[in-house]
Amino acid sequence: MIKEITITVLPEDEKNKAFLETACFKELKKNGISADRNDTVFVFVKKSIDARHGQLKLHLRYKAYIGETPADARTSELPVWKKADGSRKIIIIGAGPAGLFGALTLLEYGITPIIIERGDETSGRRKDIAKISTAGIVNPDSNYCFGEGGAGTFSDGKLYTRSNKRGNITRILQIFTKFGANPDILTDAHPHIGTEKLPTVINAMKEFIIEMGGEFHFHTKCIGFLLDGTKKVTGITAKNVITGEQSEFKADSVILATGHSASDIYTLIAGICPEALEAKTFAIGVRVEHPRKLIDSIQYHGKTEGMSAAEYRLTTQAEGRGVYSFCMCPG
Ligand SMILES: Cc1cc2nc3c(=O)[nH]c(=O)nc-3n(C[C@H](O)[C@H](O)[C@H](O)COP(=O)(O)OP(=O)(O)OC[C@H]3O[C@@H](n4cnc5c(N)ncnc54)[C@H](O)[C@@H]3O)c2cc1C
């Protein structure tokens, strides 16, 4: 039997293994489960800090494996990928998160992903981004938004979400861990990969996709779609943004994973199939900076000793609109 439990402890008890184990058994008992000490394993799942009501507490979530062998927390949800043999091909436009995870999903079915990306690989992109601040030069195809890894590649890669019921989050975290992210993301309440690490993780994903039969075409911008007589998309026309050379790529289907900054794609679609476009709402963000000391003292009620940098999250309504903190960098 596997049972998920949460125990609430004081910060000073966090490292006391015997205390935590006893608390876990007590919690099982409260749930009407009497477990044998020799036949039960508790696997730590997540920690969250509760600083409400002036008393600091930790909520520790565990999975209790009673008479069962614990699943490997690093690999239990990983998909099985199949080497693509080239018999089925799908073009993915864009090597951002949607494109990369799209490619990994196709490989679960042994379908060859052909990834078309207008921007550069992370190494070259890094130089293009530096030129923006040092020389004021913006490369329209390789910049903060465009290039290997997509829009957030040079941010710190926060992985938390409020959409907890829309998909298997553990699986995504395990995939990131497989490609080199710190396994702490599997248990952190607010996991993030880290600015210095994210490009390495993205590179490892690319190498794996290539090893499994996928293709990457960088500096290659989709500039049109190939359609058959019934307006079914059968491929794309593309331009090498360095040489200007044009080429065609053919496939069984095309996945658009171009993100929200690629306005030229909307223009393209509006030209051939305007009914496929529809307006959607979007959120606008501002950056708010506070000294760490201030947030720590508010959240921990002055008892900051030994505590990691405090976090906060806010949601409210203002004049009928939802306002919320999207993400937060503790400290
Ligand atoms: C600075 C910054 C920090 C962020 N930090 C975080 C964070 O910490 N956590 C988080 O969850 N989200 C973060 N985000 C948001 C996140 O990056 C986006 O939600 C995410 O990148 C969207 O993924 P996507 O694959 O749909 O599109 P994108 O990441 O935009 O990728 C689209 C890709 O398509 C390529 N492309 C576009 N047009 C063409 C074309 N015609 N031909 C070929 N290729 C094309 C682009 O070059 C790009 O690489 C951040 C965004 C930014 C800008």
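Tutor: Note that this is a predicted model. Start with helix H4. Leu173, Gln174, Ile175, Phe176 and Thr177 of H4 are buried.

Student: What covers the buried residues of H4?

Tutor: H2 and H5 are among the elements that cover them.

Student: What caps the N-terminal end of H4?

Tutor: Asn168 does. One of its side-chain oxygens lies 3.2 Å from the backbone nitrogen of Thr170. Past the helix, H4 is followed by Gly180, with a positive phi near 115 degrees.

Student: How do I read a nonpolar core?

Tutor: Here is the general idea. In soluble globular proteins, nonpolar side chains tend to be buried together. Now this case. The largest nonpolar core has 31 residues. Leu104, Phe176, Met205 and Ile209 have the most contacts inside it. Strand S4 (89–93), helix H2 (97–108), helix H4 (169–178) and helix H5 (198–211) each give two or more residues to this core. A second, separate core has 16 residues, including Leu20, Ala35, Leu58 and Tyr62.

Student: Which residues are in contact with Met205, leaving aside neighbours within four places in sequence?

Tutor: Leu100, Phe101, Leu104, Ile175, Phe176 and Phe179.

Student: Is Glu248 buried or exposed?

Tutor: Exposed counts as over 50% relative accessible area. Glu248 has 52%, so Glu248 is exposed. Glu248 lies in strand S9, residues 246–250. Leaving aside neighbours within four places in sequence, Glu248 is in contact with Leu226, Ile236 and Thr237. Its C-alpha atom is 6.1 Å from that of Ala238, which is 10 residues away along the chain.

Technical notes
Residues numbered from 1 in each chain as written. Predicted model: local features only at pLDDT ≥ 70, side-chain atom pairs only at ≥ 80, totals over all residues. Heavy atoms only, no water. Core = buried A, V, L, I, M, F, W, Y, C linked by side-chain atoms within 4.5 Å. Buried < 20%, exposed > 50% of the residue type's maximum accessible area, 1.4 Å probe, protein only. Helix = DSSP H or I, 4+ residues; strand = E, 2+ residues; numbered from the N terminus. Contact = heavy atoms within 4.5 Å. Polar contact = N/O pair within 3.5 Å; in protein donor to acceptor, adjacent residues only side chain to side chain.
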